[in-house]
Amino acid sequence: MQHMHAQEATHFATFNRLLSRHRIRPTLMYPVWTAAATALGWGTAMLGREAAMACTEAVETEIGGHYNGQVRVLLEWMRDMEGRGEE
């Protein structure tokens, strides 16, 4: 569990650093996501290591699918732009 926490803390710090570096304003939903993530994390941790691992795997799978969908859209946009001779 400590390893999982350390990993997530590193991810959190990295994303916050990237937001700051690229001057990106966080979503207005940030407080909601923070509360939901905290409740989900504590809730599954209280159920034990297996539940925490299963929850983490499910969340990461969903996020991976979301990111893959975004990449597909961006690649389609690039093909369309290249087809029109844009850079």
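Reader: Which helix gives the largest share of the lining of the largest pocket?
Author: α2, with eleven residues. Helices here are DSSP runs (H or I, at least four residues), numbered from the N terminus. This is a predicted model: local features need pLDDT of at least 70, side-chain atom pairs count only at pLDDT 80 or more, and totals for chains, interfaces and linings use all residues. Residues are numbered from 1 along each chain as its sequence is written, and side-chain values use heavy atoms, without hydrogens and water.

Reader: How much space lies in that largest pocket?
Author: About 1900 Å³. A pocket is an open set of points on a 1 Å grid over the protein atoms alone, where a 1.4 Å probe fits, with protein on both sides within 12 Å along at least five of seven lines. The volume is the space filled by probe spheres set on the points, joined across faces, edges and corners.

Reader: Which lining residues are closest to its centre?
Author: E8, F12, A37, V59 and I63. They belong to a lining of 34 residues (an atom within 4 Å of a point).

Reader: Which helices supply at least two lining residues each?
Author: α1, α2 and α3.

Reader: What follows α2?
Author: G48 does. The phi of G48 is positive, near 115 degrees.
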